[in-house]
Amino acid sequence: RGLRDLPGILGEHAFRAEAWAKAAEYMLRAGNDAFWRDAKTEAVRYLVRGLEAVAKSDSGKAGALIALKLRLELRNPLFQLARMEELGDHLDAARPLAAQLSDPIHTGRYHIFQSHYHWFAGDSEGALKEAEAAQYLADSKGIQALARRAQFQRGLVFFSCGRHREAIAAMNEVTDAIMRDE
């Protein structure tokens, strides 16, 4: 094993030592590293192991935040592995955490991921509702990147529903915002 495996090794050691908070943090890092190495199944294994560590800890708000991060990071590898039911379960489990923490960045990511999940499943109404929740959060907190992502998500939903004029308008807003930033 090389240095790239270090977070996973440290995570396993922390897990065995029952240092739950450290184990969860290391597993999150190991899961992200594995995902970017294109080791999707390994990423899922680390991230789920991190959730096991969080479940054994009693770290309150810090534990809730790491649990939310772990569940959100599971989205990409599970989506790419086409494990949609499992993805839906993790997003459902993330909902109370996102609501409880009111962390605008992670709550925004949650809404975007839920919107994409609903869109992919053919639930346009649910997808639009989640995109609008992300847009509201972005507008109220002044988070431009989230606002663009929410608008893009709305454009996808409109296009899928055959609401092409609204889709074009939404995508033009995204493009205009990006061009203003350059």
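Predicted model: local features only at pLDDT ≥ 70, side-chain atom pairs only at ≥ 80, totals over all residues.
Let's start with overall dimensions. Along its principal axes, the C-alpha trace spans about 55 × 35 × 30 Å. The chain has 182 residues, and buried ones make up 47% of them. The chain exposes about 9,800 Å². Carbon and sulfur atoms supply 53% of that area. Now take contacts between residues at least 6 apart in sequence. Of these, 52% join residues at least 24 apart.

Which residues have the most contacts inside the largest nonpolar core? They are Leu68, Leu70 and Leu146, in a core of 36 residues. Helix H4 gives the largest share, 8 residues.

Look at Leu70 for a moment. Leaving aside residues up to four places away in sequence, Leu70 touches Ala24, Leu28, Leu47, Gly50, Leu51 and Val54. There is also another core, apart from the largest one. This other core has 7 residues, and Met27, Ala39, Ala43 and Tyr46 are among them.

Now one helix pair. Two packed helices are described by the angle between their axes and the distance between the axes. Our pair is H5, residues 84-101, and H6, residues 104-120. Their axes come within 10 Å and cross at roughly 145°. The crossing of H5 past H6 is left-handed. Who makes the contact? On the H5 side we have Met84, Leu87, Gly88, Leu91, Asp92, Ala94, Arg95 and Ala98. On the H6 side, we find Thr107, Tyr110, Phe113, Gln114, Tyr117 and Phe120. How do the residues of this H5 and H6 contact divide? There are 9 nonpolar, 3 polar and 2 charged.

Last stop, the loops. Glu18 lies in the loop between H1 and H2. Glu18 is not a glycine, yet has a positive phi of about 60°. Is Glu18 buried or exposed? Its relative accessibility is 56%, so Glu18 counts as exposed.

Asp38 is in the loop between H2 and H3. Asp38 also has a positive phi, near 70°, in a residue other than glycine. With 57% relative accessibility, Asp38 counts as exposed, because the cut-off is over 50%.

Key. Residues numbered from 1 in each chain as written. Heavy atoms only, no water. Axes fitted to C-alpha atoms, helices over the stretch in contact; angles between N-to-C directions. Helix = DSSP H or I, 4+ residues; strand = E, 2+ residues; numbered from the N terminus. Left-handed = near helix turned anticlockwise from the far one by under 90°. Contact = heavy atoms within 4.5 Å. Nonpolar A, V, L, I, M, F, W, Y, C, P; charged D, E, K, R; others polar. Buried < 20%, exposed > 50% of the residue type's maximum accessible area, 1.4 Å probe, protein only. Areas by Shrake-Rupley, 256 points an atom, 1.4 Å probe, with all protein chains shown as cover. Core = buried A, V, L, I, M, F, W, Y, C linked by side-chain atoms within 4.5 Å.
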